[in-house]
Amino acid sequence: MALDQDRSATADVEARVDSGEHGGLDSKLLASASLPERDETEISTGPDGSPLAAQPPWRKDFPIDWPVDQFVARRDFAKFLVLTSGAFVTGQAWIAAQHLIRSRRPAPPRVRIASLSATPPGSSQVFGYPNAHDKCLLIRSSDGELLAYSQACTHLSCAVVPRIEEGVLHCPCHEGYFDLKTGRNIAGPPPRPLPKIELSVEGDDIYAIGIDERTV
Ligand code: FES
């Protein structure tokens, strides 16, 4: 008796799952899943209760209700995959092109930027490198070490200001901070260190001889 009741209950569930009315999983329904047969607005409404036409496009493409999900055509899904893959490939190609362009740039020039005797400990001065409009900072720390960085903040390119006594470079635009001795970003929104200018000292002359573009 109990077995008969179980069989009857199972048959009832299967009948409901396979019925078209409930969007079941039978092969006939799957074959027609990509063909809109009913008005989806009569079947389901968005979580906020507004009509489907007023919902954002992504909610139509990725519906949470099974009945509405039947209206996402396979072709649309394939289109989405192709566009996503295309964007990924384009991004990779752009990165490769940038790398190629950078590797073909001529070596930075060797430019005399200051004299050692005119750069006492605790002082700083601005110079242009590799071109006159690329502003950089030459800093001599309190202990006499020579340091040089690009003056353009790595956040949105505001000019950073050295605070030698505090051991930092400060960007006043959004309160960004860099370590004076390393140029590394230590606080605020700047995402990476300041480019470091490589220096060479010959006698009393200080030369800029290269740029170390660091990402971390
Ligand atoms: S531009 Fe320097 S912190 Fe925003």
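**Close-up views of a predicted model**

View 1. Arg163 faces Val168 of β6 across the pairing. Four residues lie between the strands of this hairpin, where Gly167 adopts a positive phi near 75°.

**View 2. The two faces of β6.** Side chains in a regular strand alternate between the two faces of the sheet. Strand β6 (residues 168-171) has Leu169 and Cys171 on its covered face, whereas Val168 and His170 are on the uncovered one.

**View 3. The hairpin of β6 and β7.** Strands β6 and β7 are antiparallel and are joined by four bridges. Leu169 stands opposite Phe178 in β7. This hairpin also has four residues between its strands, and Glu175 takes a positive phi near 60°.

**View 4. The surroundings of Lys181.** Lys181 is found in the loop between β7 (176-179) and β8 (185-187). Lys181 counts as partly exposed because it has 13 C-beta neighbours inside 10 Å. Beyond its neighbours within four places in sequence, Lys181 is in contact with Leu147 and Gly167. Ile164 is 17 residues from Lys181 in sequence, and their C-alpha atoms are 9.6 Å apart.

**View 5. Helix α6.** The end C-alpha atoms of helix α6 (residues 74-104) are 45 Å apart, which agrees with the 45 Å that its 31 residues should span at 1.5 Å a residue. Helix α6 is hardly covered, for the count of buried residues in it is zero.

**View 6. Residues 6-35.** Over residues 6-35, pLDDT stays under 50. Where pLDDT is low, the predicted coordinates should not be read in detail.

Conventions
Residues numbered from 1 in each chain as written. Predicted model: local features only at pLDDT ≥ 70, side-chain atom pairs only at ≥ 80, totals over all residues. Buried ≥ 20, exposed ≤ 12 C-beta atoms within 10 Å, placed from the backbone. Contact = placed C-beta atoms within 7 Å. pLDDT = per-residue confidence, 0-100. Expected span 1.5 Å × (residues − 1). Pairing = 2+ DSSP bridges.
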